[in-house]
Amino acid sequence: MYDVFITKASTYLPNNPVSNDEMETYLGLINDAPSKAKSLILRNNKITTRYYALDKEGNPTHTNAQLTAKAVEGLFDENFKKEDMKLLSVGTTSPDQMQPSHASMVHGELNIGKSIEINTATGLCNSGMNALNYGFLSVKAGVHDNAICAGSERMSAWMTADKFNHEAENLKALEERPIVAFKREFLRWMLSDGAGSFLLQNKPRENGISLKIDFIDFYSYAHEIEACMYAGCDKLEDGSLKSWADYPSDEWLKESIFAIKQDTKILDKYILVKGAESLRSSFDKHNLDPEKIDHVLAHISSGYFKDGLREEFAKKGMDFPAEKWFYNLSEVGNIGAGSIFIALEELMNSGTLKKGEKVLLCVPESGRFAYSCALLTVC
């Protein structure tokens, strides 16, 4: 078994940062009317800028595969050329198509001129960590001496007004208020585009920062809790999900079957509590001392959860001081599967890390409440 190191990190954020006031310029007005929920949601999530792979007319500027490829290309230099890549493992919530796989499309964009092993992890926020784990285990087992892992999203394409106008029109026809259901509009003001990537190798890089991966752990609570965040289906009264394939095609648009949705009541009830429970399990499993953790990077979907997460961790005996937490949510937005990659890249290249320090990564997934964490050591 080999030690595994993150020897380089790279981020790609498309176009210019988009302010709160500009969001509807890019995404469009639903039914030609400004959102009534937008200001409340933005006040709670505390996101001030984000990135869209769109121009101001709402036209796409990049595919998800292109965003991911650009992040990966930032890893190549004189010490590691694209021809050296052995494995590409990527995760996303928002692939450009159902088939072929996202990894296949990224491999095609990279134009490296050779066959490599590829892996695609799908799902929600944990898909990026699933992709990282695949690369980690492959290098650790000696299957490959390097792996490139990435997390990415292109959610803006799901959030443009044309995807919701029909819903507002249907409600208006029923003499109801011409607005979009909150469970769908909520995420319209939460999500962002971008990609982050790591180069994993079985040796640390000379004359630079490397992060040794000590472990990556995963936990799912789907055996206890119904779905909270979902797409390509709708949620029934009993909490089960009805697949798009079981709806007549003329209902796909009318019922917004493919829109991404969030059950906010279940989210508030479980997301922090189960996150603390899962992290406590990892600390017990690895006999970790919370005081020995130097940096905590927790992916949160909204600034609304920031204080509550710290409090829930403290209740479980993991009371990390405020100065140890690192966030960039307010500047880059919620990039789902890419968020933890993008946050760690910023910290890794900040010049603040010191040899021997411990970096904790925590990623929640509200889909049906799955969690991951990883511990890294600065080399």
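Between domain 1 and domain 2, about 4,500 Å² of area is buried, and carbon and sulfur atoms give 68% of it. Buried area here is the accessible area (1.4 Å probe) that two parts lose on being put together, summed over both. The size of an interface is often given this way, as the accessible area lost when the parts come together.

A quick word on what we're looking at: this is a predicted model, where local features need pLDDT of at least 70, side-chain atom pairs count only at pLDDT 80 or more, and totals for chains, interfaces and linings use all residues. Residues are numbered from 1 along each chain as its sequence is written, and side-chain values use heavy atoms, with hydrogens and water left out.

**The two domains**

The protein chain splits into domain 1 (4-212) and domain 2 (214-378), with bounds from an automatic or database domain assignment. Their C-alpha centres sit 16 Å apart. In terms of contact (heavy atoms within 4.5 Å), 59 residues of domain 1 meet 54 residues of domain 2.

So what holds hands across the interface in polar terms? The rule finds 16 residue pairs in polar contact, both residues at pLDDT 80 or more. A polar contact is a pair of N or O atoms within 3.5 Å; within protein, one must be able to donate a hydrogen and the other to accept it, and residues adjacent in sequence count only if both atoms are side-chain atoms.Helix α5 (residues 126-140) gives the most to the side of domain 1 that touches domain 2, with 8 residues. Helices (H or I, at least four residues) and strands (E, at least two) are DSSP runs, numbered from the N terminus. That side of domain 1 is made up of 25 nonpolar, 25 polar and 9 charged residues. Here Ala, Val, Leu, Ile, Met, Phe, Trp, Tyr, Cys and Pro count as nonpolar, Asp, Glu, Lys and Arg as charged, and the others, Gly among them, as polar.

The rule also finds 1 salt bridge across the interface, the term being a side-chain nitrogen of Lys or Arg within 4 Å of a carboxyl oxygen of Asp or Glu. Separately, the side chains of lysine 212 and aspartate 214 pair up in a salt bridge at 3.1 Å, N to O.

Most residues other than glycine have a negative phi, and most peptide bonds are trans.

| Residue | Phi | Loop |
|---|---|---|
| Aspartate 32 | about 65° | between α1 (23-27) and α2 (38-45) |
| Lysine 46 | about 60° | between α2 and β3 (49-50) |

Aspartate 32 counts as exposed, because its relative accessibility is 70% and the cut-off for exposed is over 50% (1.4 Å probe, protein chains only), with under 20% for buried and partly exposed in between.

The peptide bond from glutamine 99 to proline 100 is cis, with omega near 0°. Proline 100 lies in the loop between β4 (87-92) and α4 (102-110).
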